[in-house]
Amino acid sequence: MKEEKHYGLFTAVSMIVGICVGSGIFFKADDILGATGGNVALGILVFCIGAFSIIFGSITLTQLANRTEKTGGVVAYFEEFISDKAASAFGWFQLFVYLPTITVVVSWVSGIYTCMLLGLPNTLETQTLIGTGYMAFFFLLNYFSLRLGGYFQNLATIMKLIPLIAIAIVGIFWKEPAPIVPPELAVPITNVGWGWLAALAPMAFSYDGWTIATNITHEVKNPKRTMPLALTIGPLVVLGIYLTYFSGLVSIAGSEYILAVGDEATTTIGIALLGERGGSIILSFVLIAILGVTNGVIMGMLRLPQALAEKNMLPNSAKVKRIDPKSQLSPAAAQIAFAISFVWMVLHYLTQKSAILGGGDVSEIAIVFSYLTYVILYLKVISMKKEGVITSPFFGWITPVFAIMGSAIILIGGIVSNPTYVPVFILFCFVVCFIGYKYYEKKITV
């Protein structure tokens, strides 16, 4: 049965923008500024480094995207250009660790801001319950209506850009003095030296998730043209949004005030611009932004078991890859994706309740490791240039080398931010990949 093409360039771009531009930009800007000691220029440099990492990474991946029609996003790139066993290893990592951990964390964060907006008890139990409800809703929405899932992604992307662009524009013309910093909260602007590298951690969170859009490649109209464009345009749009918002935020509130009040700076700006209800209005936009991330991640998560089953990389693949004519998706794949996500939601609750991860969360297990795996694909592009498959020096040498440098930067940021847990997380992810590798190896030798 031939799959229908549901999505165009706008949806593919909005999926990248919608996933990257979530809670991170609203509530990580102050962390980045804090790590740079209040140095705005360094803060802008950090955002540019983040864009550097994904722009060259995405441009490099387009060299693979336009040379294959296989389904499964990055998994398909490993299958086509590395090996089937490597694809199975990466696919298991994506299915059992990367996508579900990001799904549960952004769902949980949606629960946090729902509690704040509605004045509900802001307990871990309430946050987790609401987050689980959001997660179930978006799984059902995207399974039973592909179009509604795509429409919500487009709508959420547009709506979340409104406050970002508004603050950016107002910041250009803002002439009022910065809010007064309470003496007891004052944080001096300091020279942090190389300590600004710690800002790479919140920056990585703000940009993470851009490759998830590749999971819908087989459902995109004219994918060989559309996906390379989306993977190039999307990161550039994200960089433009981040730089203008960050500059506007600093222009209106001032570095000292942002350092003093942290996340509350955005709400304060809302009140200053829109009156007493401005804080709630801004909070509403933030919630929509996070829900857009949740929907975008689930759009990718929902399809991954089906894509792996089509490659016989999962147990009982014959059943998992069976598509329901009405939904155009696999019921078994949807059940597997939700079940794995639910298990991780329980694990996330337990780790937060016990504080076993310190100030971190379960999504940190996967983010750094994912960038390490991309290096394999970047090296393959260099190899293709040497073999003459890719003729352009820019696409065959410059972009993959810069992409590798970007991954190294993300690794450094992860280690600096959490030197205790990152090595453990990397080992855990490697074990999951090894199991996926051995499963496929055993299957093809039987």
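**Before starting**

This is a predicted model, in which local features need pLDDT of at least 70, side-chain atom pairs count only at pLDDT 80 or more, and totals for chains, interfaces and linings use all residues. Residues are numbered from 1 along each chain as its sequence is written, and side-chain values use heavy atoms, with hydrogens and water left out.

**Stop 1: the whole protein**

Display the entire chain as a cartoon. The protein has 18 helices and 0 strands; helices (H or I, at least four residues) and strands (E, at least two) are DSSP runs, numbered from the N terminus. Of its 446 residues, 57% count as buried. Buried means under 20% relative accessible area, exposed means over 50%, and partly exposed lies in between (1.4 Å probe, protein chains only).

Now show the surface. The accessible surface of the protein comes to about 17,800 Å², and 68% of it belongs to carbon and sulfur atoms. Such areas come from the Shrake-Rupley method with a 1.4 Å probe; for residues, only the protein chains shown count as cover.

How much of the contact total comes from residues 24 or more positions apart? Among contacts with a separation of 6 or more, these residues account for 80%; contact means heavy atoms within 4.5 Å.

**Stop 2: helix α4**

Select residues 74-81, which form helix α4. Because 7 of its 8 residues are buried, this helix is largely enclosed by the rest of the structure. The buried residues are V74, V75, A76, Y77, F78, E79 and F81.

K311 lies in the loop between α13 (304-310) and α14 (317-320) and E79 in helix α4, so the pair ties together parts that are 232 residues apart in sequence. Both K311 and E79 are buried. A salt bridge is a side-chain nitrogen of Lys or Arg within 4 Å of a carboxyl oxygen of Asp or Glu. Side chains of opposite charge can pair when their charged atoms come close.

**Stop 3: further salt bridges**

How many salt bridges does the structure hold? There are 4 salt bridges in the structure.

Select E441 and K85 next. Their salt bridge has its closest N and O atoms 3.8 Å apart. This pair links distant parts of the chain, with E441 in helix α18 (residues 422-445) and K85 in helix α5, 356 residues apart. E441 is partly exposed, with a relative accessible area of 23%, and K85 counts as partly exposed at 24%.

Then select E125 and K353, whose side chains meet in a salt bridge (2.8 Å, N to O). Here too, distant parts of the chain are linked: E125 is in helix α6 (residues 124-144) and K353 in helix α15 (residues 331-354), 228 residues apart. Is K353 buried or exposed? K353 is exposed, with a relative accessible area of 52%, while E125 is partly exposed at 34%.

**Stop 4: aromatic rings**

Rings of Phe, Tyr and Trp (its six-membered ring) pair if their centres lie within 6.5 Å; planes under 30 degrees apart count as stacked, over 60 as edge-to-face and the rest as tilted. By this rule the count comes to 14 aromatic pairs.

Select W92 and F96, a tilted pair with 5.1 Å centre to centre and 50° between the planes. Both residues lie in helix α5 (residues 84-118), 4 residues apart, about one turn of the helix. An α-helix has 3.6 residues a turn, so residues three or four places apart point the same way. W92 counts as buried at 11% relative accessibility, whereas F96 counts as partly exposed at 28%.

Move on to F93 and Y98, another tilted pair, with 6.0 Å centre to centre and 40° between the planes. F93 counts as buried at 0% relative accessibility, and Y98 counts as buried at 0%.

**Stop 5: M159**

Select M159 in helix α7 (residues 146-173). M159 touches F285 and I288, not counting residues up to four places away in sequence. The C-alpha atoms of M159 and I288 are separated by 7.3 Å, although the two residues are 129 residues apart along the chain.
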